[in-house]
Amino acid sequence: MTQTKRYTSPTLTAFVEQLFEKAGADTEVAQVVTRVLLEGELLGHRTHGLNLVSRYIDGMLSGQVKARAETLEQVSDSGISSLFDGHYVLGPYCVSRALDSAAKGATAQGIGIAVVRRAAHIGCLAAYLKPFTDRGLIAMVYSSDPSVGVVCAHGGIDPIYTPNPIAAGIPTRGAPILLDVSMSTVTLALVGQCRDAGSNLPHPVLMSNEGQVSDAPADFFSTPPGSILPLGGQTFGHKGFALAILVEALTSGLAGHGRKDGPEQWGASATTVVIDPRFFGGLEAFTDETSFLSKLILGSRAVDPQRPVRLPGQAGLKLREQALDEGVGLSQKVLDDLNQTAAQLQLPALT
């Protein structure tokens, strides 16, 4: 992606927080949402980073998305398990509150779980994890959206469910392992990017509405629509399909609000789980094991010597370190969108 001027993390934080507050967000909500979106940008998840700021604020200004902390409802809390109803509050705030609740249970009893229903778009799942691995905690996030169907069942044609990602942060003696994997062959964002670029996908990972495997975005954006194949494709898609069903059960199922309710507005169901290894074999033993495994993986022979084996999240953490040191480079489109939103809110541009 073409990059222009670089900005320091504090500069971007202050600018984006101001945008959210001027659009009507509480200070607390603005701070949390900004932190999550900037973290996604730092980790290199450009489709789920600061490019979402304008989209989120458009949702706020239209009234579809809420931005007041008091709107997020805690429906239940046992100390270990809890349920939140987002009422379409900005998703990063909903998920962050859920993770904090789960972490409170974990540090008190070894494990905590918190479920959110009807959260607005929640951004990059990997962006939530590092604050918890820094505390020696395992953090997991599962997500689906019961208002959307873009992935077909294994052996089926029709779009049924969302990519249903699973993310996890695993502490080690050094940098954490950060994984963020969709239960579909590719993401919807990639299909859209290829369509906009006028190119086909690298592999035939789509199912046309006539039941033909395809690499052409037009076969997805059709009437009736096509679908994305489950993780594993036609050959091993039964595995991704099975995991996607598990994610549906752990998110919308536990939330008590899902596809059966026929929601028409984008509203994520998310489940957060936090585990404290101190209550099991101990944090030292845990990180000894994860670090030992990491060394085995990194020391394994690579098929291509020019591309060494790496751990999940390793590349993103390197990008994060570089961006914090050298500044965050924004594409011209993201910069233009941010400044257009600033002008709409009668705020100074980012220069």
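Phe 292 lies in helix 8, which spans residues 283–298; helices (H or I, at least four residues) and strands (E, at least two) are DSSP runs numbered from the N terminus. The model is a predicted one, in which local features need pLDDT of at least 70 and side-chain atom pairs count only at pLDDT 80 or more, whereas totals for chains, interfaces and linings use all residues. Residues are numbered from 1 along each chain as its sequence is written, and side-chain values use heavy atoms, with hydrogens and water left out.

Phe 292 counts as exposed because its relative accessibility is 51%, where buried means under 20% relative accessible area, exposed over 50% and partly exposed in between (1.4 Å probe, protein chains only). Together with Leu 293 and Leu 296, Phe 292 forms a nonpolar patch on the surface, with about 320 Å² of accessible area for the three residues together. Such patches are made of residues with over 30% relative accessible area and no salt bridge, nonpolar side chains (Val, Leu, Ile, Met, Phe, Trp, Tyr) being joined within 5 Å and like charges within 9 Å; a salt bridge is a side-chain nitrogen of Lys or Arg within 4 Å of a carboxyl oxygen of Asp or Glu.

Seven strands form an open sheet with mixed pairing, in the order 2-3-4-13-5-8-9, two strands being paired if DSSP finds at least two bridges between them. Strand 2 (73–77) and strand 9 (177–181) each have a single partner strand and stand at the edges, so one side of each is left without a neighbour in the sheet. From one strand to the next, the twist averages 10°. Strand 8 (residues 166–170) runs antiparallel to strand 9 and is joined to it by five bridges; Gly 169 has Leu 178 of strand 9 as its bridge partner.

Two aromatic pairs are present in the structure, rings of Phe, Tyr and Trp (its six-membered ring) being paired if their centres lie within 6.5 Å, with planes under 30 degrees apart counted as stacked, over 60 as edge-to-face and the rest as tilted. Tyr 161 and Phe 241 form a stacked pair, at 6.4 Å centre to centre and with 25° between the planes. This pair links distant parts of the chain, since Tyr 161 belongs to strand 7 (residues 159–161) and Phe 241 to helix 7 (residues 233–255), 80 residues apart. Tyr 161 counts as buried, at 5% relative accessibility, whereas Phe 241 is partly exposed, with a relative accessible area of 24%. Phe 220 and Phe 221 form an edge-to-face pair, at 4.9 Å centre to centre and with 85° between the planes. Phe 220 counts as buried at 6% relative accessibility, while Phe 221, at 34%, counts as partly exposed.

How values were computed
Areas by Shrake-Rupley, 256 points an atom, 1.4 Å probe, with all protein chains shown as cover. Axes fitted to C-alpha atoms, helices over the stretch in contact; angles between N-to-C directions.
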